[in-house]
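Please keep the sequence and the structure in view while reading.

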Amino acid sequence: MLIKPREMTFPSGERVTIRSAVAEDAESLCIHRMITSSETDFMARYPEECNMDINVMQANLTEIAESPKCYMVTAFLEERVIADLGVSYVRSHQKYRHRAYMGISIQERYCNLGLGSILVEIALNQARENGFEQMELGAFADNARAIRLYEKYGFRQYGIQPRAFKLKDGSYHDEVIMVKML
């Protein structure tokens, strides 16, 4: 599904458009994912694991746009993706359809400007409208900034997946599993 477009203004005066990414945004979204994956280890993938196949991304974005419940909340500075949040079914089976899963990425230079809060608010409101009953996510246990953001919006920790992530340097990081009842 496509969300209703909105705008916000950064303290610098730059205007950001928040809308769903569509097939025409595939290249910019691929670049965004490459950037965010190279800026921090808190992403699920390394930059070299980012799929840069524009055709595959276009197909994925078209599928999401046509979904009755799943959606993207994407921030654009001009036509360039600077942040992205996706909401999808935890699983597509009927017994799971009340549960949504959320993932978010914001380019480092646009952090601490209120963008994450706006994206999460939009995502939670849309999830309620779409009939989801709970929103779930996972975060690196040592990503305090992300965990604070989620807790600000009522997410609660309900578990830890030990050693969920193994970095190239051989270090392990736990994953905090969080949920918010909608």
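The structure is a predicted model. Its largest pocket holds about 1,300 Å³ of space, and 48 residues line that pocket. Ser105, which is among the residues nearest the pocket centre, is described in its own group, as is Leu182, which lies in the segment after β8.

- Strand β1 covers residues 6-9 and strand β2 covers residues 15-19; the two run antiparallel and are joined by four bridges.
- Across this pairing, Thr9 stands opposite Arg15 of β2.
- Five residues lie between the two strands of the hairpin, where Gly13 adopts a positive phi near 95°.

**The largest pocket**

- Met43, Gly103, Ile104, Ser105 and Tyr150 are the lining residues nearest the centre of the largest pocket.
- Helices α1 (26-39), α2 (54-66), α3 (115-129) and α4 (144-152) each give two or more residues to the lining of this pocket.
- Strands β3 (71-77), β4 (80-89), β5 (99-106) and β6 (134-140) also give two or more residues each.
- The largest share of the lining comes from β5, with six residues.
- By residue class, the lining of the largest pocket consists of 26 nonpolar, 13 polar and nine charged residues.

**Ser105**

- Ser105 is placed in strand β5, the strand that gives the largest share of the pocket lining.
- The relative accessible area of Ser105 is 7%, and because this is under 20%, the residue counts as buried.
- A polar contact of 2.8 Å links the side chain of Ser105 to the side chain of His32.
- With residues up to four places away in sequence not counted, Ser105 touches His32, Thr36, Met43, Ala83 and Asp84.

**Leu182**

- Leu182 belongs to the segment that follows β8, a strand spanning residues 172-181.
- Its relative accessibility is 28%, so Leu182 counts as partly exposed, a class that lies between the limits of 20% and 50%.
- Although Leu182 and Phe132 are 50 residues apart in sequence, their C-alpha atoms are 7.1 Å apart in space.
- Phe132 is also one of the residues in contact with Leu182 when neighbours within four places in sequence are left aside.

Conventions
Residues are numbered from 1 along each chain as its sequence is written. This is a predicted model: local features need pLDDT of at least 70, side-chain atom pairs count only at pLDDT 80 or more; totals for chains, interfaces and linings use all residues. Side-chain values use heavy atoms; hydrogens and water are left out. Two strands pair if DSSP finds at least two bridges between them. On a 1 Å grid over the protein atoms alone, a cavity is a set of points where a 1.4 Å probe fits but cannot get out, and a pocket is an open set with protein on both sides within 12 Å along at least five of seven lines; lining residues have an atom within 4 Å of a point. Grid points are joined across faces, edges and corners, and a volume is the space filled by probe spheres set on the points. Ala, Val, Leu, Ile, Met, Phe, Trp, Tyr, Cys and Pro count as nonpolar, Asp, Glu, Lys and Arg as charged, and the others, Gly among them, as polar. Buried means under 20% relative accessible area, exposed over 50%, partly exposed in between (1.4 Å probe, protein chains only). A polar contact is a pair of N or O atoms within 3.5 Å; within protein, one must be able to donate a hydrogen and the other to accept it, and residues adjacent in sequence count only if both atoms are side-chain atoms. Contact means heavy atoms within 4.5 Å.
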